[in-house]
Amino acid sequence: MPVHLISGGYANTYLIEDGDSFVAVDVGTSLAASKTHTYLSRRSIDTACLRIVTATHFHIDHIGGIPRIVHLFPTIRVCFSAMVEDYLAGRGKICLFSPATWLKGLLPVFAPQADHLKNTAAALWSDKVAIPLPFLRGLLPSNYRAECILDEGQSIPALPHWELIRAPGHTPDSVCFYSSSERALISGDTILNMKGSGELNRFCCDPATIRKSFKKLSALPIEHMYPGHGRPLPNLDGLGAVAQ
Ligand SMILES: [Zn+2]
């Protein structure tokens, strides 16, 4: 049940393979969606095997490629955590940073990437719902219907060996995906790895809450961590070496 990394979008895109199913996590730009399609095609994997696309949280660099992936994989389901429903319906607000805070937090993460200009253009025009620039929000329609059904303690469709863990702090809706059999954690933007041994994200809506989430995650046996940004960390002995 490997986890495949598709790099080159804003955030890391991961494909979780479980049996004959794949689930895509954090398809941040249309470029990441196209790369996902190429990756599976080269391995002669039928498009129908990519059953679900989901996200660790509802920020543009993690969901901006969903319109494109829905186009490329016509049978795919878009499944988010339950908290996203209010946001999609305009009833609730998931933490969006001010444009200045976005730039301060995102530039160090995005600038080292080879395709950052291409990705920036793709992200700004890819979806209306989480665009960091308020004057652009609402101008572009989403082309997909989302099911906001994922929550802690409930199984993830097509992924019997993985569970969702709520990890608020970076945003209230932040989640991680965890496999106890694989001892693997997809950490989203709760834990990044821009420095080599992993670090708790300081760019967050609620610093006290993200520390509580970190404590919760630290209790898990984790050997492989797949962060939202930065290289995956294999062969860990828990999260002890991660900087807080
Ligand atoms: Zn991110």
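Residues are counted from 1 along each chain, in the order its sequence is written. Since this is a predicted model, local features need pLDDT of at least 70 and side-chain atom pairs count only at pLDDT 80 or more, while totals for chains, interfaces and linings use all residues.

**View 1. The whole chain, for orientation.**
The protein chain holds seven helices and 13 strands. Helices (H or I, at least four residues) and strands (E, at least two) are DSSP runs, numbered from the N terminus. Of the 244 residues, 45% count as buried. Here, buried is 20 or more other C-beta atoms within 10 Å of a residue's own, exposed is 12 or fewer, and partly exposed is in between, with C-beta atoms placed from the backbone. Looking at contacts with a separation of 6 or more, 65% link residues 24 or more positions apart; a contact is a pair of residues whose C-beta atoms, placed from the backbone, lie within 7 Å.

**View 2. The five-stranded open sheet.**
Follow the strands in the order β7-β8-β9-β10-β13; the pairing is mixed. The edges are β7 (155-156) and β13 (224-227), each pairing on one side only. Two strands pair if DSSP finds at least two bridges between them. β7 and β8 (residues 159-166) have two bridges and are antiparallel, with S155 opposite E163 of β8.

**View 3. β3, α1 and β4.**
These three elements make a right-handed β-α-β unit: with the strands pointing away from the viewer, the path from the first strand over the helix to the second runs clockwise. β3 (residues 21-25) runs parallel to β4, joined by four bridges, and V23 faces I52 of β4. On β4 (residues 50-54), four of five residues are buried, so the strand is largely enclosed by the rest of the structure. β4 also pairs in parallel with β5 (residues 77-81) over two bridges, where R77 is the bridge partner of I52.

**View 4. Helix α7 and its buried side.**
Buried in α7 are I210, S213 and L217. They sit on the same side of α7, because their arc around the axis is only 55 degrees, taken from the directions from the helix axis to the C-beta atoms. A208 and K215, on the other side, are exposed. The cover over the buried residues includes β9 (175-179), β10 (184-188) and β12 (199-200).

**View 5. C176 in the largest nonpolar core.**
This core has 60 residues, and C176 is among those with the most contacts inside it, along with I16, A24, I69 and L185. A nonpolar core is a set of buried Ala, Val, Leu, Ile, Met, Phe, Trp, Tyr and Cys residues joined through C-beta atoms within 7 Å. Beyond four places in sequence, the contacts of C176 include T56, I165, L185 and L217.

**View 6. Two loop residues with positive phi.**
Most residues other than glycine have a negative phi. S44, in the loop between α1 and β4, has a positive phi near 55 degrees. S44 is exposed, with 6 other C-beta atoms within 10 Å. R183, in the loop between β9 and β10, has a positive phi of about 50 degrees. R183 is partly exposed, with 15 other C-beta atoms within 10 Å.

Terms used: Two residues are in contact if their C-beta atoms, placed from the backbone, lie within 7 Å.
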